[in-house]
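Subject: Structure for you to look at

Hello,

Here is the structure we talked about. Please open it first, then read the notes below.

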Amino acid sequence: MARSALLNVMVQAALKAGKSLARDFGEVQNLQVSVKGPGDFVSQADFRAEKIVKEELLKARPTYGFLGEEGEEIIGTDGSHRWLVDPLDGTTNFLHGIPQFAVSIALERNGEVVAGVVFNPATDELFTAERGGGAFLNDRRLRVAARKTLSDCVIGCGIPHLGKSNHGKFLLELRHVMGEVSGVRRIGSAALDLAYVAAGRFDGFWETHLNAWDIAAGLILIREAGGFTSDTDGGTDMLSTGTVVAGNEYIQKALLEVIGRPVPKA
Ligand code: 2AM
Ligand code: CA
């Protein structure tokens with residue numbers, strides 16, 4: 001597997017930030033038992049990781065724009081390139097000592113995602129993809145799962161929580177999906193969920209109310225692994241709508257149809 005210089009920059013930034021997160025994750029496990037809990041500490045861990053990623057990326061490409069979850073957007077002098085970065089996707093897991101979180105880094109060129117890296121430092125799994133070059137988990141080439149019928153499939157999703165407005169809509173989608181598939185899973189990191197679709201671990205995935213930095217890297221991983229993605233309207237505007245439906249060519253279509261079904265008659 002030959003990585004381009006740009007992808008190497010992204011990988012180095014993800015590994016360095018991942019090292020910082022892994023160290024902080026160890027501390028979270030200690031703080032877990034205190035009454036106050038590790039809340040403030042986790043916000044610090046988040047900022048530290050974003051700072052590392054930002055420094056690494058801007059050192060290598062000083063003219064590119066940068067949009068991260070934590071800070072103000074930097075508008076680059078090179079108007080055609082922008083980094084989309086989530087330094088800690090799966091914050092709730094991290095806070096609770098659950099080892100399912102990731103650094104997610106994507107590169108946009110003229111509004112299109114051309115490279116992506118998702119790194120889970122707790123499992124040392126590094127997912128990478130660049131346009132036309134395929135998708136990889138560490139050194140292994142990835143391919144989406146080949147199952148063609150929903151009844152054989154394990155489908156990932158995101159579940160809304162306190163403060164989100166879409167509880168009723170999600171329950172309706174889940175009601176339709178769970179009646180058609182062999183299992184539904186919820187990891188809690190959209191970046192990892194999408195990487196799992198690319199790796200064939202999940203046959204499909206859907207979630208709404210996401211941000212561009214949660215999904216940009218995962219979307220190219222899936223595309224380069226031979227999979228398909230759309231927003232919940234069937235369009236290609238996932239980064240702006242913050243909604244994703246993913247799978248191979250059969251399951252993506254089937255899932256889109258199932259989650260869009262109307263309320264059943266009583
Ligand atoms: P985060 O962990 O970086 O917040 C969980 O369903 C997925 O939704 C995660 O990828 C999570 O990213 C993302 N997400 C986006 N906005 C969120 C929010 N306001 N609260 C919780 N999760 C959010
Ligand atoms: Ca996120």
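Is T243 buried or exposed? T243 is buried: its relative accessible area is 9%, and the cut-off for buried is under 20%. Bear in mind that this is a predicted model.

**Around T243**

T243 sits in the loop between α7 (238–241) and β12 (244–247). Its side chain reaches the backbone nitrogen of T232 at 2.9 Å. A polar contact of 3.1 Å also links the side chains of T243 and T241. Setting aside neighbours within four places in sequence, T243 touches E207, T208, S230, D231, T232 and M238.

**The calcium site**

Next, look at the calcium ion (ligand 2). D86, D89 and D214 coordinate the ion through OD atoms, at 2.0 to 2.3 Å. Along the chain, these donors follow the spacing D-x2-D-x124-D. D86 belongs to strand β2 (residues 81–89) and D214 to helix α6 (residues 212–224), so the pair ties together parts that are 128 residues apart in sequence. D86 is buried, at 0% relative accessible area. D214 is buried too, with a relative accessibility of 8%.

**Helix α6**

α6 has 13 residues. From first C-alpha to last, α6 reaches 18 Å, close to the 18 Å expected at 1.5 Å a residue. Of its 13 residues, 12 are buried, so α6 is largely enclosed by the rest of the structure. The buried residues include W213, D214, I215, L219 and E224. Just after α6, G226 takes a positive phi of about 90 degrees.

**Strands β3, β4 and β5**

Now turn to strand β4 (residues 112–120). β4 is mostly covered, with eight of its nine residues buried. Which strands does it pair with? One is β3 (residues 102–109), which runs antiparallel to β4 over seven bridges. The other partner to look at is β5 (residues 125–130), antiparallel to β4 and joined to it by six bridges.

V103 stands opposite F119 in β4. V117 stands opposite T128 in β5.

Both pairings come with a hairpin. The hairpin of β3 and β4 has two residues between the strands, and N110 there takes a positive phi near 50 degrees. Between β4 and β5 there are four residues, and D124 in that turn has a positive phi of about 60 degrees.

Best wishes

Methods
Residues numbered from 1 in each chain as written. Chains lettered and ligands numbered in written order. Predicted model: local features only at pLDDT ≥ 70, side-chain atom pairs only at ≥ 80, totals over all residues. Heavy atoms only, no water. Donors = N, O, S within 2.8 Å, 3.2 Å for Na, K, Ca; no water. Buried < 20%, exposed > 50% of the residue type's maximum accessible area, 1.4 Å probe, protein only. Polar contact = N/O pair within 3.5 Å; in protein donor to acceptor, adjacent residues only side chain to side chain. Contact = heavy atoms within 4.5 Å. Expected span 1.5 Å × (residues − 1). Pairing = 2+ DSSP bridges.
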